[in-house]
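Here is a friendly briefing to read beside the sequence and the model. Please keep the 3D view open as you go.

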Amino acid sequence: MDNTRRKFLKIAGAAALAGIGAPAIVKLTSHTAFASEEAGHAAPVPGETGVHGEAASTGVRVGMVIDMRVFAVQPMLLDQAIAACNKVHNIPHFPDRKNEIKWIWKAPYANVFPEQEVLHKSEMAKTKPFAVLCNHCDNPSCVKACPTKATFVQPENGIVAMDFHRCIGCRFCMAACPYGARSFNWQDPRPFITNYNPDFPTRMRGVVEKCNFCGERLALGLEPACVEACSGTGAMVFGDLNDPDSEIRRVLDKEFTIQRNPAAGTKPSVYYIV
């Protein structure tokens, strides 16, 4: 454990004994070594970086539309999308489900859209699993909660990314995320990787991880792995939300979509056709 982590844990421990909550800890650390050590991964400040609130309408802002009508008819597609993501990102497969690491996964409609729950639902909402992943929000609460800036918004495309080396395992981001889109490595994940991809870094025990919208693939001109796995079906459409001529905008202009927990004020960039 390096001095930076030791310093944070001392601050966090003292704050816990004093009854100070997570927001106070974030405030305490905002002017410490974490801020001074930042080198290119600064968490955007509202009104300054163009990725929060109304400023998100400029520049590139990637997003995704998930058409559950397609997945309902072709249920194996979702399995293919999950498998592709797991393989590309060295996601471990723990035998105990309580240790499960999830980047994209299945969940019932009632869990994905509890605010949309009604007595009389369609057959799809009752029986079909829904695709769930990080929403890569315009106003991400996880970024605000992270004291080390291990999670940050990439200003060039709006992706909420992770710097695994900066993560100290405090799990404030997990508590702040209203979508349950982050997983914690309770044990060393490396022995549980079934298909190792040397082009993507593995993680270690005590690190939080989540979907990164395949930022490493986008940099190479490729689509996200899950989108590529569903190619030609329309189940997943990915692109620039700010480009009126993009495929994703054409879909959004045509179809009625919903988002997960919009009342949280995080402004998700993932849309669902249900």
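The notes below go from the whole chain to single residues.

This is a predicted model, in which local features need pLDDT of at least 70 and side-chain atom pairs count only at pLDDT 80 or more, while totals for chains, interfaces and linings use all residues. Residues are numbered from 1 along each chain as its sequence is written, and side-chain values use heavy atoms, with hydrogens and water left out.

**The chain as a whole**

- The secondary structure comes to twelve helices and nine strands; helices (H or I, at least four residues) and strands (E, at least two) are DSSP runs, numbered from the N terminus.
- The chain has 274 residues, and 50% of them count as buried. Buried means under 20% relative accessible area, exposed means over 50%, and partly exposed is in between (1.4 Å probe, protein chains only).
- Of the contacts in the chain with a separation of 6 or more, 68% are between residues 24 or more positions apart; a contact means heavy atoms within 4.5 Å.

- Helix α5 covers residues 76-88, and its 13 residues should span 18 Å at 1.5 Å a residue; the end C-alpha atoms are 19 Å apart, which agrees. The expected span is 1.5 Å times one less than the number of residues.
- The buried residues of α5 are Leu-77, Leu-78, Ala-81, Ile-82, Ala-84, Cys-85, Asn-86 and Val-88.
- The cover over these buried residues includes helices α4 (68-73), α10 (215-218) and α11 (225-229), together with strands β2 (104-107) and β3 (130-133).

**Nonpolar cores**

- In soluble globular proteins, nonpolar side chains tend to be buried together.
- A nonpolar core is a set of buried Ala, Val, Leu, Ile, Met, Phe, Trp, Tyr and Cys residues joined through side-chain atoms within 4.5 Å.
- The largest such core has 61 residues, and those with the most contacts inside it are Met-64, Ile-66, Phe-71, Leu-133, Phe-213 and Met-236. Helix α5 gives the most to this core, with five residues.
- Another core, of eight residues, lies apart from it; Val-65, Val-237, Leu-241 and Tyr-271 are among its members.
- Not counting residues up to four places away in sequence, Leu-133 touches Met-64, Ile-66, Trp-103, Ile-104, Trp-105, Ala-181, Cys-211, Phe-213, Val-270 and Tyr-272.

- Strand β1 (residues 62-67) pairs with β9 in the parallel sense over four bridges; two strands pair if DSSP finds at least two bridges between them. Val-65 has Tyr-271 of β9 as its bridge partner.
- Leu-241 sits in the loop between β8 (236-240) and α12 (247-254), and is buried, with a relative accessible area of 12%.
- Leaving aside neighbours within four places in sequence, Leu-241 is in contact with Arg-61, Val-62, Gly-63, Ile-248, Arg-249, Leu-252, Ser-269 and Tyr-271. From C-alpha to C-alpha, Leu-241 and Ser-269 are 8.2 Å apart in space, and they are 28 residues apart in sequence.

**Cysteines**

- A search of the whole structure finds zero disulfides; a disulfide is a pair of cysteine sulfur atoms within 2.5 Å.
- The cysteine sulfur closest to that of Cys-146 is in Cys-170, 6.0 Å away, too far for a bond. Cys-146 counts as buried at 12% relative accessibility.
- Cys-177 is in no disulfide, and the nearest cysteine sulfur, that of Cys-142, is 6.2 Å away. Cys-177 is buried, with a relative accessible area of 15%.

- Gln-154 lies in the loop between β4 (151-153) and β5 (160-162) and counts as buried at 18% relative accessibility.
- Most residues other than glycine have a negative phi. Lys-267 has a positive phi of about 60° although it is not a glycine. Its place is in the loop between α12 and β9, and at 38% relative accessibility Lys-267 counts as partly exposed.
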